[in-house]
Amino acid sequence: MSAPRFAWLTAVLPPPNSVARQEQWRASVAAFIALGLTGALCSATGGAAGLWLIAPMGASAVLLFCLPASPLAQPWAVIGGNVVSALVGVACIKTGLTPAVAAPLAGGMAIVAMFALRCLHPPGGAMALTAVLAGPAVHKLGFGFALTPVALNCVLMVGAALAVNQLTGHRYPHRQQSTMQNVHDTADAVPTARLGFRRDDLDAVLARYGEVLDVSRDDLEGIILATETAAYGRRFGVIRCGQIMSTDVVTLEFGTALADAWGLMQHHQVHALPVLNRARWVIGIVTQADFLRHSDLDVYSGLGGRLRALLQRSGLTHSDKPEVVGQIMTARVATAHVHTPIVELVPLMANAGLHHIPVVDDDDRFAGIVTQSDLVAALYQGRLAELAELAPAA
């Protein structure tokens with residue numbers, strides 16, 4: 001049977017876009033707002049030689065709002081890449097070369113400069129050409145073109161990206177956060193790397209690959225680890241947090257007295273307790289380490305006395321001394337959903353050093369807690385069940 005008439009198109013067209021429609025609209029509207037504000041603010045300053053918005057900013061907007069995690073979209077890449085490329089373009093036109101020679105020279109040298117300064121940014125190539133080909137108005141500005149409007153445009157665009165991405169839940173700047181870093185500062189590989197891939201393995205593969213990747217090394221590391229997690233679930237079945245979590249959990253409020261919280265920990269023999277608001281949303285977690293840290297753990301002499309002093313109320317209406325749980329708790333809490341596969345908790349507990357992870361329901365209300373002991377027991381029992389199914393009948 002012959003292939004479909006237009007089957008050859010599959011070799012030419014890119015695969016379907018997997019980006020959610022909401023995310024597409026977010027990026028589009030954000031770019032519109034950022035470019036509009038940048039143009040308006042630069043125009044209000046008068047604009048050097050009437051230039052208030054440079055065309056390469058449109059390409060920068062694509063990176064800033066569609067690919068905020070890309071190494072090519074980080075603040076230094078945007079500002080450094082565009083400004084350096086503008087300087088290179090101006091330098092090339094000042095050599096007296098014809099535009100036909102100066103333009104390609106500027107594009108090539110801009111790439112060299114961006115590689116050298118670690119600010120590779122694709123619109124920088126267009127910026128170098130703009131400096132050469134934009135005509136007398138830009139040529140008259142000379143190297144000042146790199147300051148106004150280029151640097152001004154870039155700073156405003158990055159400022160807009162900082163605001164919009166933070167407001168819409170995107171981490172920007174996208175700092176490197178390796179999931180394979182040993183939090184205990186020892187030479188041992190993190191637990192997930194002792195049988196799986198190591199950072200050295202990834203570094204060796206990237207060195208052999210030898211090309212520019214539009215994804216950070218740490219993000220790539222996280223993607224591989226998440227893929228391994230998904231593969232484990234496919235092979236051995238999925239156990240979810242709601243199936244193994246503890247539900248009869250002692251919880252605290254922001255205003256719970258420190259002595260009461262410490263007493264509950266000792267009575268129930270637990271090392272951490274979640275802190276909830278009246279809507280039962282998780283607002284923090286308090287651990288024994290939090291108590292010790294506020295008792296000046298670095299000085300061991302008299303630690304017991306300092307801990308007792310911390311737990312005792314001052315009796316004052318205003319005091320620098322912590323009095324309630326909310327003043328010592330850890331507010332940034334990693335949570336899981338009741339339907340989260342437990343294998344997704346392995347990197348958090350094994351690599352990041354978390355011992356207790358609160359679990360929330362569909363309304364983001366506290367539903368239970370998963371501890372390292374719960375996780376180990378569940379993985380062990382799940383593996384035993386899988387081996388029993390594979391064992392030949394007696």
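This note sets out several points on the structure shown above, which is a predicted model.

1. Overall composition. The protein has 394 residues, and 35% of them count as buried. Its secondary structure consists of 15 helices and six strands.

2. Contacts along the chain. Consider the contacts in the protein with a separation of 6 or more: residues 24 or more positions apart account for 64% of them.

3. The open sheet. Three strands form an open sheet, and their order is β1-β2-β3. The pairing within this sheet is mixed. The strands at the edges are β1 (252–253) and β3 (282–287). Each of these two has a single partner strand, so one side of each is left without a neighbour in the sheet.

4. The pairing of β1 with β2. Strand β2 covers residues 272–276, and two bridges join β1 to it. These two strands run parallel.

5. The aromatic pair. How many aromatic pairs does the count come to? The count comes to one aromatic pair. W262 and F291 form this pair, with 5.1 Å from centre to centre and 65° between the planes. The arrangement is edge-to-face because the angle of 65° falls in the range over 60 degrees that defines this class. The pair links distant parts of the chain, as its two residues are 29 residues apart. W262 belongs to helix α11 (residues 258–268), whereas F291 belongs to helix α12 (residues 288–293).

6. Are W262 and F291 buried or exposed? W262 has a relative accessible area of 18% and is buried, because buried means under 20%. F291 also counts as buried, at 0% relative accessibility.

7. W25, V29, F32, I33, L37 and L41 make a nonpolar surface patch of about 660 Å². One of these residues, I33, lies in helix α1, which spans residues 21–44. I33 has a relative accessible area of 40% and is therefore partly exposed, because this value lies between the limits of 20% for buried and 50% for exposed.

How values were computed: Residues are numbered from 1 along each chain as its sequence is written. This is a predicted model: local features need pLDDT of at least 70, side-chain atom pairs count only at pLDDT 80 or more; totals for chains, interfaces and linings use all residues. Side-chain values use heavy atoms; hydrogens and water are left out. Rings of Phe, Tyr and Trp (its six-membered ring) pair if their centres lie within 6.5 Å; planes under 30 degrees apart count as stacked, over 60 as edge-to-face and the rest as tilted. Helices (H or I, at least four residues) and strands (E, at least two) are DSSP runs, numbered from the N terminus. Buried means under 20% relative accessible area, exposed over 50%, partly exposed in between (1.4 Å probe, protein chains only). Patches are made of residues with over 30% relative accessible area and no salt bridge: like charges are joined within 9 Å, nonpolar side chains (Val, Leu, Ile, Met, Phe, Trp, Tyr) within 5 Å. Accessible areas come from the Shrake-Rupley method with a 1.4 Å probe; for residues, only the protein chains shown count as cover. A salt bridge is a side-chain nitrogen of Lys or Arg within 4 Å of a carboxyl oxygen of Asp or Glu. Two strands pair if DSSP finds at least two bridges between them. Contact means heavy atoms within 4.5 Å.
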